[in-house]
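Hi,

Here is the structure I said I would pass on. Have a look at it first, then read my notes below.

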Amino acid sequence: MILYDYPRAPNPMRVNLFINEKKITVERKIVDLSKHENLKPKYLKLNPWGTLPFLVVKNKVISESIAICKYLDHMSPSPSLFGSSPIEKATIEMFRRKIEFDGMQAAGEAFRNSVKSFKDRAFAGPGKIPQIPQLIERGKARTEVFFDFLNKVLKNTKYVAGNKFSIADIDAYVTLSFAKWIKIDGTEKRKNIKNWSLNLEKRKSFIKYNNLFRK
Ligand SMILES: N[C@@H](CCC(=O)N[C@@H](CS)C(=O)NCC(=O)O)C(=O)O
């Protein structure tokens with residue numbers, strides 16, 4: 001099994017935090033996104049979507065960070081970060097989707113439409129999609145709305161989906177970190193998000209990840 005990775009980027013970050021949390025060891029190949037290595041023919045041949053992360057298992061390619069996390073969760077199920085009981089699983093999935101669509105995609109919308117190096121690449125991968133400058137402010141506004149929602153959720157619970165740490169916490173923390181790329185600090189004036197993120201940053205898995213970038 002080989003993980004094609006670039007830990008600094010948001011979607012690979014999700015898988016990296018997940019792997020740390022599960023204490024799994026995975027062989028990695030770093031593909032430098034800053035040099036657009038993901039679009040080289042040798043990588044597109046493996047993963048035609050041209051995105052990271054992707055996992056190669058016995059000649060099969062698993063793209064999509066959550067599909068990778070699900071595979072790893074099935075391979076080492078205890079503790080499952082996707083929940084155990086039916087209601088726990090559904091609650092985690094509900095929050096995970098809200099975070100992905102309303103948070104990560106909102107920040108992504110602002111980021112992909114603003115950065116010069118993504119000119120004509122407003123969506124990840126090999127497709128040529130022009131940027132739309134009006135989406136920058138809209139994406140930022142959506143991101144702020146998302147953080148207001150998250151702050152309310154965290155008023156009543158220790159973790160996003162209840163009293164247990166889950167993949168929803170990883171997704172929300174990645175969104176918080178990604179939003180900094182569009183100069184939004186989700187913790188500002190949002191006490192519950194601030195306390196929750198400080199609490200997550202005490203976890204060994206998060207310390208290990210954050211140490212990768214400490215100079
Ligand atoms: N939905 C995909 C998104 C993957 C994605 O967009 N990855 C970004 C890095 S965060 C990427 O590969 N970008 C390459 C590009 O922009 O060409 C997932 O969850 O893995």
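The largest pocket has a volume of about 1300 Å³. Keep in mind that this is a predicted model, so no experimental coordinates stand behind my notes. It is lined by 42 residues, and those nearest its centre are Asn 11, Thr 51, Arg 112, Phe 123 and Ala 124. By class, the lining of this pocket splits into 21 nonpolar, 13 polar and 8 charged residues.

Which helices build that lining? Helix 1 (10–22), helix 4 and helix 5 (134–156) each put in at least two residues, and helix 4 has the largest share, with 7 residues.

Why does the largest pocket lie between domain 1 and domain 2? Both domain 1 (2–75) and domain 2 (86–203) give residues to its lining, so the pocket sits between them.

**The second pocket**

The second largest pocket holds about 370 Å³ of space. Its lining has 19 residues, and Met 13, Tyr 173, Ser 177, Lys 180 and Asn 210 are the ones nearest the centre.

Four helices each supply at least two residues here: helix 1, helix 6 (167–179), helix 7 (191–200) and helix 8 (204–211). The largest share, 5 residues, comes from helix 6.

The domain assignment gives domain 1 as 2–75 and domain 2 as 86–203. Their C-alpha centres lie 20 Å apart. Across the boundary, 19 residues of domain 1 are in contact with 19 residues of domain 2.

**Helix 4**

Helix 4 covers residues 86–112, which makes 27 residues. From first C-alpha to last it reaches 36 Å, close to the 39 Å expected at 1.5 Å a residue. Where is the kink in helix 4? It is centred on Glu 100 and comes to about 30°. Arg 112, one of the residues nearest the centre of the largest pocket, is the last residue of this helix.

**Backbone details to check by eye**

Most residues other than glycine have a negative phi, and most peptide bonds are trans.

- Leu 52 and Pro 53 are joined by a cis peptide bond, with omega about 0°. Pro 53 is in the loop between helix 2 (41–46) and strand 3 (54–57).
- Ser 78 and Pro 79 are also joined by a cis peptide bond, with omega about -5°. Pro 79 is in the loop between helix 3 (65–75) and helix 4.
- Asn 59 has a positive phi, near 70°, though it is not a glycine. Asn 59 is in the loop between strand 3 and strand 4 (60–63).

That's what I have for now.

Cheers

Notes: Residues numbered from 1 in each chain as written. Predicted model: local features only at pLDDT ≥ 70, side-chain atom pairs only at ≥ 80, totals over all residues. Heavy atoms only, no water. Expected span 1.5 Å × (residues − 1). Bend = angle between axes of the 7 residues up to and from the residue. 1 Å grid on protein atoms, 1.4 Å probe; cavity = no way out; pocket = protein on both sides within 12 Å on 5 of 7 lines; lining within 4 Å. Points joined across faces, edges and corners; volume = space filled by probe spheres on them. Nonpolar A, V, L, I, M, F, W, Y, C, P; charged D, E, K, R; others polar. Domains from an automatic or database assignment. Contact = heavy atoms within 4.5 Å.
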